[in-house]
Amino acid sequence: MLEELLLFAKNPIYEQDITNPFANKLRTSFKLLIIALCTSIVLLLITSGVENLLQLEMGKHAMDDLFENYSPLLIFFLAVVVAPFFEELLFRGPLIFFKDSKFFKYAFYVFTIAFGFMHISNFEMSTQVVLFSPLLVAPQIGVGFLLGFIRVKFGLVWSMALHACYNMVLIVPVLIMQILEIPIE
């Protein structure tokens, strides 16, 4: 899987695998979910290390406001249903227009990077946030690459499903802690 991702990263092409059985697609999705989670954790640890080392203050994160002001059910719905649906339509849907274009590679990476940087809006804007934005959104750029990969291999519904599963794995433990009233620090 990692070798296939590396080859795709070097030369992304729009090539749907319509003959692949559902079970194989499911297995591939699970592998991509594990890769996405592991990559995000490593990148978040690096980001946290840089923040601590340089004594940076990145401000309040948008998720903090969500957890303070909305019910767990609404947060779950927004993170696991609404966000994956609309973000995939916006950032992976248009790839179809570049399917046979010599510019597909560029379009793929523009949409991947745009997806990542869209998430900078989760932070309070400051000079530090802007300067460190590539590091802050690196996890989303990495996940965006994997979502783009599965989108061109299996279709838009698969990228929506992977995006929903990724968000769900990240959000459900926090929601459980919120429901059980365990302080989140």
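The protein exposes about 10800 Å², of which carbon and sulfur atoms supply 70%; accessible areas come from the Shrake-Rupley method with a 1.4 Å probe, and for residues only the protein chains shown count as cover. This is a predicted model, in which local features need pLDDT of at least 70 and side-chain atom pairs count only at pLDDT 80 or more, while totals for chains, interfaces and linings use all residues. Residues are numbered from 1 along each chain as its sequence is written, and side-chain values use heavy atoms, with hydrogens and water left out.

Tyr 70, Leu 74, Phe 77, Leu 78 and Val 81 make a nonpolar surface patch of about 420 Å² (patch residues have over 30% relative accessible area and no salt bridge, and nonpolar side chains, namely Val, Leu, Ile, Met, Phe, Trp and Tyr, are joined within 5 Å; a salt bridge is a side-chain nitrogen of Lys or Arg within 4 Å of a carboxyl oxygen of Asp or Glu). Val 81 lies in helix H4, residues 72-91, and counts as partly exposed because its relative accessibility is 42%, where buried means under 20%, exposed over 50% and partly exposed in between.

## Overall fold

The protein has 9 helices and 0 strands (DSSP runs numbered from the N terminus, helices being H or I of at least four residues and strands E of at least two). Its radius of gyration is 17 Å, close to the 16 Å that the globule rule gives for 185 residues, so the protein is as compact as a globular protein of that length; the radius is taken over C-alpha atoms, and the rule is 2.2 Å times the number of residues to the power 0.38. The C-alpha trace spans about 50 × 35 × 25 Å along its principal axes.

Of the contacts between residues at least 6 apart in sequence, 78% join residues at least 24 apart, a contact meaning heavy atoms within 4.5 Å.

Buried residues make up 38% of the 185 residues.

Beyond its neighbours within four places in sequence, Leu 95 is in contact with Tyr 14, Phe 104, Ala 107, Phe 108, Phe 111, Arg 151 and Val 152.

## A buried loop histidine

His 119 lies in the loop between H5 and helix H6 (127-131), and counts as buried because its relative accessibility is 12%. Not counting residues up to four places away in sequence, His 119 touches Glu 87, Val 137 and Gln 140.

Definitions and conventions: Patches are made of residues with over 30% relative accessible area and no salt bridge: like charges are joined within 9 Å, nonpolar side chains (Val, Leu, Ile, Met, Phe, Trp, Tyr) within 5 Å. Buried means under 20% relative accessible area, exposed over 50%, partly exposed in between (1.4 Å probe, protein chains only).
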